Amino acid sequence: MDTTTAMDALRQLQIETPSWAYGNSGTRFKVFAQAGVPRDPYEKIADAAIVHRFTGSAPSVAIHIPWDRVDDFGHLAEFARGEGVSVGTVNSNVFQDDDYMLGSVTNPDPRIRRKATDHLLECVDIMDATGSSDLKLWFSDGTNYPGQDDIRLRQDRLYEALAEVYARLGSDQRMLLEYKLFEPAFYTMDVPDWGVSFAHCLKLGEKAVVCVDTGHHAPGTNIEFIVAFLLREGKLGAFDFNSRFYADDDLMAGAADPFQLFRIMHEVVKAGVVHAGSGVSFMLDQCHNIEPKIPGQIRSIMNVQEATAKALIVDQPSLTAAQLSGDVLGANGVLMDAYNTDVRDMVRELRAGIGLDPEPMKAYAASGYAQRISDERVGGSQAGWGA
Ligand code: PSV
Ligand code: MN
């Protein structure tokens, strides 16, 4: 499309940031603490609001329960609004309790399944209080050894829990079912891939949709194919964007493979679902282990915007003509021309057009916010992934 139309479309792209990106995180070897890290959900939201202030494109923040548990979620949502953002997706967490060693909703023990399902239902209560419309479900459930448990029975238990939670959803609430090939379970994961997620969502109904976390596939997986397929079926609900080199690295989106992100966004653009309210949500699911967190989020948003801008300027009529005439090299050339275009001026112009500094990384660095939070946030305990 032409640049003006592309700019209009890009302006409507909204990217949700995750509350846990603002806390300390690391590997099982070491978590490096950083100065100024939030000590509670309110400070995480304040940081998310700063990311929105400098990018103009991150108006909501995902929360994770129990990491972001507060006494009054209505108050948290009100605080967020006051900061200029909203509480977005509510992420459930049934993977950090001793009871879940053999699984949560697929555990052989009905008492533990009940506890896990109750947590998911509680997350819907929280959505009611925050006004969130999406519940994101990711299950660490699975087995490590052949014979450990019955693969089919675990699917029955999974569906039973999903159906109960699905029935509790309000008319404007959705369930996003995320999949992951491996980790923490190594032999079988109960929701290992998009096919399993898709099948359950299809059976559940239209409020159940698939969440594609870009870090959750085997190396070499053609993610854009999955995206194209799910979009065609109307079952792609959301992305968890991040980059990976080897496993679920949770690196900044577009850092490891910007070309892959472009190819994904090309499918999104063709389906006409870039804009907020399209039914597809764009979220970051990242952790910043060695880089500062707020700039890490800003850079990720810029990367998603640039990949999207390149996808938006693909000369679609020429691409279609080349495809229909069997011009293999011509079609590939049209796509590569867009990918190889430097769109940074286009995105700078977009920011300037909404009254923002065209260079958010520099503007944030000059703002003094990093110094302010490192001076102010003393005492208490810093938030971290898993806390
Ligand atoms: C699991 O690896 C995951 O991608 C899920 O979305 C979790 O909720 C999130 O990471 C937590 O970091
Ligand atoms: Mn994820």
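Student: Where is the place of P66?

Tutor: P66 sits in the loop between β2 (60-64) and α3 (73-83). Helices (H or I, at least four residues) and strands (E, at least two) are DSSP runs, numbered from the N terminus. This is a predicted model: local features need pLDDT of at least 70, side-chain atom pairs count only at pLDDT 80 or more, and totals for chains, interfaces and linings use all residues. Residues are numbered from 1 along each chain as its sequence is written, chains are lettered from A and ligands numbered from 1 in the order in which they are written, and side-chain values use heavy atoms, with hydrogens and water left out.

Student: Which peptide bond joins I65 and P66, cis or trans?

Tutor: Start with the general idea. Most peptide bonds are trans, and most residues other than glycine have a negative phi. The bond between I65 and P66 is cis, with omega about 20°. Another cis bond joins E183 and P184, where omega is about 10°. P184 is placed in the loop between β6 (174-178) and β7 (188-189).

Student: What is phi of E183 near?

Tutor: Phi of E183 is near 80°, a positive value in a residue other than glycine. E183 also lies in the loop between β6 and β7.

Student: How do I read burial, and is E183 buried or partly exposed?

Tutor: Buried means under 20%, exposed means over 50%, and partly exposed is in between (1.4 Å probe, protein chains only). E183 has 32% relative accessibility, so it counts as partly exposed. Now take D250. Its phi is positive too, at about 60°, although D250 is not a glycine. D250 lies in the loop between β9 (236-241) and α8 (258-270). With a relative accessible area of 12%, D250 is buried.

Student: Which residues are buried in helix α1?

Tutor: In α1 (residues 3-11), A6, M7, A9 and L10 are buried. Look down the axis of α1: these buried residues fall within an arc of 165°, so they line one face of the helix. That arc is of the directions from the helix axis to the C-beta atoms.

Student: What do the buried residues of α1 pack against?

Tutor: They pack against α9 (293-312) and α12 (344-353). Contact here means heavy atoms within 4.5 Å.

Student: What is D47 in contact with?

Tutor: D47 lies in helix α2 (residues 41-55). D47 is buried, with a relative accessible area of 2%. Leave aside its neighbours within four places in sequence. D47 is then in contact with Y22, P38, I294, Y369, I373 and R377.

Student: Where is S104 found?

Tutor: S104 is in the loop between β3 (86-91) and α4 (110-130). S104 is buried, with a relative accessible area of 0%. Not counting residues up to four places away in sequence, S104 touches V94, I112, R113, A116, F139 and D141. S104 and A161 are 57 residues apart along the chain, and their C-alpha atoms are separated by 9.8 Å.

Student: How many helices and strands does the whole protein have?

Tutor: The protein has 14 helices and ten strands. Buried residues make up 54% of its 387 residues.

Student: What radius of gyration does the protein have?

Tutor: The radius of gyration is taken over C-alpha atoms; the globule rule is 2.2 Å times the number of residues to the power 0.38. For 387 residues, a compact globule would have a value near 21 Å; the protein has 21 Å, which agrees. Along its principal axes, the C-alpha trace spans about 60 × 60 × 40 Å.
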